[in-house]
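Subject: Structure handover

Hi,

Here is the structure you asked about. Please open it next to this message and follow along.

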Amino acid sequence: MKIHEYQGKDIFKSYGIPIQDGYVIEDINDALPTIEKVQKEFNTKAVVVKAQIHAGGRGKGGGVKYSPSTDIALKNTKEMLGMNLVTHQTGEEGQKVRKVYITQALDIKNEYYCAITLDRSQTKDVFMVSSEGGVEIEKVAEETPEKIIKVWIDPLVGMKSFHAMKLANGLGLTGEAYKTAIKVFIKMYKCYMGTDASIVEINPLVLTETDEIVALDAKFNFDGNAMFRHKDIAELRDTNEEDPTELEASKYDLNYIKLDGNVGCMVNGAGLAMATMDIIKLAGGEPANFLDVGGAASAETVKNGFKIILSDDHVKAILINIFGGIVRCDRVANGVIKAVEELGLKVPVVVRLEGTNAEEAKNILSKSGLDIIPANDMKDAARKVVDAAINN
Amino acid sequence: MSILVNKDSKVVVQGITGSEGTFHATQMIEYGTNIVAGVTPGKGGQTALDSKVPVFNCVEDSIKETGANVSIIFVPPPYAADAIIEASEAGIELVVCITEGVPVHDMVKAKRIIDQNKTKLVGPNCPGIITIDECKLGIMPGFICKKGNIGVLSKSGTLTYEAIGQLVNVGLGQTTAIGIGGDPIIGTTMIDALKLFEEDPETEGVVLIGEIGGQMENDAARWIKDNMSKPVVGFIAGQTAPPGRRMGHAGAIVSGGDDTAEAKMRIMLECGITVCESVADIGDKMKAALQN
């Protein structure tokens with residue numbers, strides 16, 4: 001789960017991490033009073049106007065504007081609020097800006113990158129910093145990996161001062177800034193652990209002209225599986241940032257991702273679902289979605305799955321691929337028939353059922369009199385559904 | 001022979017009185033698994049599954065009373081990592097954690113402890129492990145398997161079943177099938193399981209099923225090139241997955257570079273593994289690989 005920058009900064013604040021502070025607005029009528037409030041409270045004429053969307057790359061897309069005067073700040077806020085911001089992470093369609101964050105402007109001496117995340121290969125959390133802040137860190141990692149300093153943290157010991165010293169040293173910090181950075185890094189680790197984050201990233205963390213260390217941005221990603229113990233964070237979820245169909249699917253406990261093709265598919269298990277998309281492509285079709293219905297493929301689940309798939313009007317045919325283990329295929333077949341009848345399904349449906357009572361299921365399907373095409377195996381199913389999509 | 005579990009494994013079920021635990025423990029006993037105990041804190045002294053299995057308050061007690069050496073975990077996600085640590089500290093040799101949705105931070109700590117205690121862990125978020133006709137330690141449909149000489153190793157549950165189904169269709173049985181799970185932190189890795197299959201005299205070939213995300217398949221491929229004498233047939237799910245999207249498993253995250261299906265398939269091919277472009281070819285390619 002992701003949150004906005006201003007929400008992330010609130011969390012930083014609660015952990016004592018110094019931030020570039022400000023206020024968020026949703027209504028353009030609040031713009032002028034908020035700009036003036038920021039100017040007064042933080043003793044600054046210039047402010048920064050920042051679009052609040054979850055996707056990264058806001059700066060390049062025009063979603064972060066330095067505004068030296070009140071008039072310019074107002075103009076920038078007006079332009080930004082409600083705009084469709086396109087960044088390399090939003091895709092071509094972009095993301096509507098519903099909230100704008102107005103913050104103090106700082107005089108920056110240096111910009112750094114820092115982040116904590118899980119290193120799967122080491123099975124430990126890794127704390128990374130780089131003197132090449134404010135830019136695309138992927139490029140730095142690829143072209144000049146020596147410019148990224150890493151420390152791995154033993155989960156039973158936690159982060160110690162020597163870890164933080166190594167990071168601060170690596171950034172070439174000295175004096176007060178060195179001491180402050182060490183404190184900030186340790187607080188950042190506490191924040192990462194305390195919030196069950198999967199990523200905490202500050203890009204950039206800056207050294208100001210007055211030698212203060214300040215977080216200019218706050219990027220979080222949380223482990224959805226741990227949100228049961230962080231009700232306060234779970235409430236920060238902004239469903240406006242999520243795909244409406246995917247959101248709808250999640251209400252039915254269905255794992256759905258929309259793609260660009262015209263062959264819908266409904267599968268039990270994430271791995272088999274991906275393999276089904278792959279084999280549709282190999283058969284000359286284009287998958288319209290990823291849909292994992294989970295372990296139990298009941299009539300209700302199948303019906304909800306159909307609804308979600310058919311909300312995409314590009315879909316010309318649907319493939320149901322269920323490997324029935326514990327769940328019996330004859331029951332799934334009856335569920336499919338019931339769902340097709342109830343919804344008055346118009347698109348052809350190819351069904352491949354394997355596992356318990358698979359033969360019985362095939363008989364049930366072929367006797368149903370509905371436009372349901374039984375398939376013998378995955379290759380057969382893929383060919384049939386792609387043909388059906390072409391002919392529909 | 002087989003890997004990890006066999007007819008002599010004495011199994012304790014952690015979370016035996018929950019609905020999942022009860023259902024699957026019953027299925028496992030039907031398959032022939034030797035379940036000697038159950039654990040549910042606060043229910044020690046009771047019995048489960050129609051008085052067939054004694055229930056203990058903790059794993060340590062179950063070991064003392066029954067000699068259990070293997071555990072399977074069906075406890076809810078908030079307590080699953082604790083259950084793993086408890087089993088490991090009590091001296092269980094092999095722990096299988098079926099639970100889906102265990103917080104990653106919990107697993108990082110649990111992993112560190114099981115490594116320290118040299119406990120073997122399979123999972124979490126996995127279908128478990130089955131040694132055909134001897135011991136089922138998981139939730140897979142046992143009847144689809146047939147005893148034979150192929151090892152099956154996979155990150156995904158239903159894809160494991162798909163591979164087993166195809167092997168049976170071409171007349172190939174299995175020694176052991178193991179679903180290692182697709183979470184960011186798991187116990188037994190692909191290399192761990194491959195080592196065991198390589199050492200097992202009955203296993204003559206291995207089906208290796210991976211997916212997008214992470215580096216495990218690539219590490220496994222390089223290990224196979226240097227160490228494996230038996231034929232390996234590989235498949236990677238997610239060739240059509242859009243970059244940057246998460247597809248069910250937390251493990252299935254494409255972040256660019258060598259963790260795409262294309263990159264993994266290329267590396268597997270370079271390491272001498274028979275790679276299936278289509279999932280439907282797993283059975284046929286394994287058969288062909290054995291004949292070469």
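Where in chain A does A:D196 lie? It sits in the loop that joins α6 (175-194) to β10 (197-208) of chain A. Before going further, please keep in mind that this is a predicted model.

A:D196 counts as buried, because its relative accessibility is 4% and the cut-off for buried is under 20%. Its contacts, leaving out residues up to four places away in sequence, come from two chains. In chain A they are A:F222, A:D223, A:A226, A:M227, A:R229 and A:H230. From chain B, A:D196 touches B:P103 and B:H105.

**The sheet in chain A**

Next, the open sheet. Four strands of chain A make it up, in the order β1-β6-β2-β3, and the pairing is antiparallel. The edges are β1 (22-25) and β3 (64-67) of chain A, each of which pairs on one side only. From one strand to the next, the twist averages 20°.

Look at the pair β2 and β6 of chain A. Strand β2 covers residues 47-51 and strand β6 covers residues 100-104. They run antiparallel, and five bridges join them.

Helix α1 (residues 5-14) packs on it and touches β1, β2 and β6 of chain A. The direction of α1 makes about 50° with that of β6(A). Helix α3 (residues 70-80) lies across β1, β2, β3 and β6 of chain A. Relative to β3(A), helix α3 runs at about 165°.

**Salt bridges**

How many salt bridges are there over all chains? The search of the whole structure finds 30. Three of these pairs are worth a look.

Start with A:E5 and A:K9. They form a salt bridge, and their closest N and O atoms are 2.8 Å apart. Both residues belong to helix α1 of chain A, and because they are four residues apart there, about one helical turn separates them. A:E5 and A:K9 are both buried.

A:E5 also meets A:R58 in a salt bridge, at 2.9 Å from N to O. A:R58 has a relative accessible area of 9%, so it is buried. A:E5 has 3%, so it is buried as well.

These residues belong to a network. Salt bridges link A:E5, A:K9, A:K50, A:R58 and A:D217.

A:E342 is partly exposed, with 46%.

**Chain B**

Now find B:I3. It is in the segment before β1 (11-14) of chain B. Its relative accessibility is 2%, so B:I3 counts as buried. Which residues is B:I3 in contact with, leaving aside neighbours within four places in sequence? They are B:I129, B:T131, B:T176, B:I178, B:A193, B:L196, B:F197 and B:D200. Take B:T131 from that list: B:I3 and B:T131 are 128 residues apart in sequence, yet their C-alpha atoms are 7.4 Å apart in space.

Last, the domains. Chain B divides into domain 1 (11-122) and domain 2 (141-291). Their C-alpha centres lie 27 Å apart. Eight residues from domain 1 of chain B and nine residues from domain 2 of chain B take part in the contact. Between them the two domains of chain B bury about 760 Å², and 65% of that is on carbon and sulfur atoms. How many salt bridges are found across this interface of domain 1 and domain 2 of chain B? The rule finds zero.

Best wishes

Key:
Residues numbered from 1 in each chain as written. Chains lettered and ligands numbered in written order. Predicted model: local features only at pLDDT ≥ 70, side-chain atom pairs only at ≥ 80, totals over all residues. Heavy atoms only, no water. Pairing = 2+ DSSP bridges. Helix = DSSP H or I, 4+ residues; strand = E, 2+ residues; numbered from the N terminus. Axes fitted to C-alpha atoms, helices over the stretch in contact; angles between N-to-C directions. Contact = heavy atoms within 4.5 Å. Buried < 20%, exposed > 50% of the residue type's maximum accessible area, 1.4 Å probe, protein only. Salt bridge = Lys/Arg side-chain N within 4 Å of Asp/Glu carboxyl O. Domains from an automatic or database assignment. Buried area = accessible area lost by both parts, 1.4 Å probe.
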